[in-house]
Amino acid sequence: MSSFDGHPWAFVVVVLFAVPALDAMIGRGAPVSGQALEKSAERQVPCWFALTWACAVAIGAYRAAHAPALQLIGLIVGCGVLSATAMAHLHELTHRPGKIWRLLSDLAFIVAGYPHYRVAHRLHHEHLGNPEFGSTASVGTSVWRHVGRSYTSALKSSLTRSFFQHSGVPRTLFQNAFVAVLLLGAALTLHLWRVALFYVGYAAVSVFIVEAVGYMQHYGFDQDPRPGAATSWDVDFWLSNCLLVNNGFHGSHHQDGHLPYQRLAGQRATLPGGYFQMLWLTLVPPLWFSVMDRRVRILLARQRREGTASSDQLARDSCQIV
């Protein structure tokens with residue numbers, strides 16, 4: 001909280017420079033055992049993080065009203081980075097059953113700049129690997145091309161699919177969008193243009209980082225996956241998963257979206273670094289391509305070989321049965 005109390009740039013430096021270095025130094029490992037009980041104290045971590053994030057955003061908005069230009073930019077970037085981190089915790093909450101969690105997560109997503117997130121994320125799970133629903137990027141697509149396309153594709157698919165398949169969802173989406181516009185309009189009506197700029201700015205920073213993380217997780221998985229094949233890249237670095245409630249174990253999450261984060265476990269396909277390190281790599285597309293394109297080719301070739309071997313074994317078993 002003190003990071004927003006007149007020194008937002010200090011927070012930015014810590015998260016974007018110190019945390020990646022510390023993540024690399026600590027290295028790989030799981031911060032929470034897969035055998036942890038669902039009703040343990042760890043279950044409350046996303047709740048407390050979300051509450052702390054909401055307080056930090058409120059403080060940031062208060063400071064932004066009278067902040068000089070350089071400090072205002074620092075508040076925007078700092079709060080955007082924090083919001084992107086909070087999205088992993090909000091993502092955990094949106095998968096929990098019950099209307100209260102849906103309501104609270106929807107409100108939080110509105111503040112974070114994602115009024116359509118819950119619907120878009122459900123569609124992403126249902127249509128994994130289809131770029132039409134966001135997150136997934138083809139080999140050779142840079143993060144700079146991906147982010148805007150992914151966000152708008154997810155928004156478009158949320159609206160169109162909801163109208164045809166879920167009659168109650170469009171109303172929820174429009175309500176969420178209305179609340180977002182209302183927040184922005186209230187700031188402008190009160191002549192708090194700096195607060196309005198703060199809201200739009202930090203949401204944009206948060207959206208960019210969140211979409212960049214989705215880009216890392218699903219890069220190259222735009223083909224229909226074979227049964228049992230990997231569907232995303234995992235991150236098994238201790239600090240990344242500690243700060244992002246095991247969000248790095250993404251393949252396990254896609255296998256069962258209702259599993260609490262304590263029970264997630266790593267799969268076969270892993271990124272060479274933690275999220276905080278790989279984010280920097282995505283910003284320089286030639287470096288990202290040089291590291292990841294070969295990994296994608298090797299992984300897909302291995303999965304094709306395993307799929308062919310499984311098909312051959314199935315054919316042999318069928319002949320034996322006949």
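**Exercise 1. In which helix is H146 found, and which residues does H146 touch?**

Solution. Before starting, keep in mind that this is a predicted model. Step one is to locate the residue: H146 is found in helix α6, which covers residues 143-165. Step two is to list its contacts, leaving out residues up to four places away in sequence, and this gives S135, T136, A137, T141, E211 and Y215. Step three is to look at a separation along the chain: H146 and G214 are 68 residues apart in sequence, while their C-alpha atoms are separated by 9.7 Å.

**Exercise 1. In which helix is H146 found?**

Solution. Before starting, keep in mind that this is a predicted model. Step one is to locate the residue: H146 is found in helix α6, which covers residues 143-165. Step two is to list its contacts, leaving out residues up to four places away in sequence, and this gives S135, T136, A137, T141, E211 and Y215. Step three is to look at a separation along the chain: H146 and G214 are 68 residues apart in sequence, while their C-alpha atoms are separated by 9.7 Å.

**Exercise 2. Which residues does H250 touch, not counting residues up to four places away in sequence?**

Solution. Step one places H250 in helix α10, which covers residues 250-255. Step two gives the contacts, which are Q217, H218, S232, W233 and D234. Step three repeats the accessibility test, and H250 counts as buried because its relative accessibility is 4%.

**Exercise 3. How many residues does helix α1 have, and how far does it reach from its first C-alpha to its last?**

Solution. Step one is to count: α1 runs over residues 8-26 and has 19 residues. Step three is to follow the axis of α1, where a kink of about 35° lies at A18, shortly before the proline P20. Step four is to see what comes after the helix: just after α1, G27 takes a positive phi of about 85°.

**Exercise 4. Which residues of α1 are buried?**

Solution. Step one is to list them: P8, F11, V12, V15, L16, V19, P20 and D23. Step two is to recall a general point, namely that an α-helix has 3.6 residues a turn, so residues three or four places apart point the same way. Step three is to ask what lies over the buried residues of α1, and the covering elements include α3 (69-94), α9 (238-243) and α11 (275-282).

**Exercise 5. How many salt bridges are there, and which residue does R28 pair with?**

Solution. Step one is the count, which comes to 4 salt bridges. Step two takes R28, which forms a salt bridge with D236, the closest N and O atoms being 2.5 Å apart. This pair links distant parts of the chain, with R28 in the loop between α1 and α2 (45-64) and D236 in the loop between α8 (193-218) and α9, 208 residues apart. R28 counts as partly exposed because its relative accessibility is 47%. Step three takes R118 and D106, whose side chains meet in a salt bridge at 2.8 Å, N to O. R118 lies in helix α5 (residues 117-126) and D106 in helix α4 (residues 99-111), 12 residues apart. Step four takes R96 and E92, whose side chains meet in a salt bridge at 4.0 Å, N to O. R96 counts as buried because its relative accessibility is 6%, and E92 is buried, with a relative accessible area of 9%.

**Exercise 6. How many disulfides does a search of the whole structure find?**

Solution. Step one is the search, which finds 0 disulfides. Step two turns to two cysteines: C79 is buried, with a relative accessible area of 0%, whereas C242 is partly exposed, with 34%.

Conventions
Residues are numbered from 1 along each chain as its sequence is written. This is a predicted model: local features need pLDDT of at least 70, side-chain atom pairs count only at pLDDT 80 or more; totals for chains, interfaces and linings use all residues. Side-chain values use heavy atoms; hydrogens and water are left out. Helices (H or I, at least four residues) and strands (E, at least two) are DSSP runs, numbered from the N terminus. Buried means under 20% relative accessible area, exposed over 50%, partly exposed in between (1.4 Å probe, protein chains only). Contact means heavy atoms within 4.5 Å. The expected span of a helix is 1.5 Å times one less than its number of residues. The bend at a residue is the angle between axes fitted to the seven residues ending there and the seven starting there. A disulfide is a pair of cysteine sulfur atoms within 2.5 Å.
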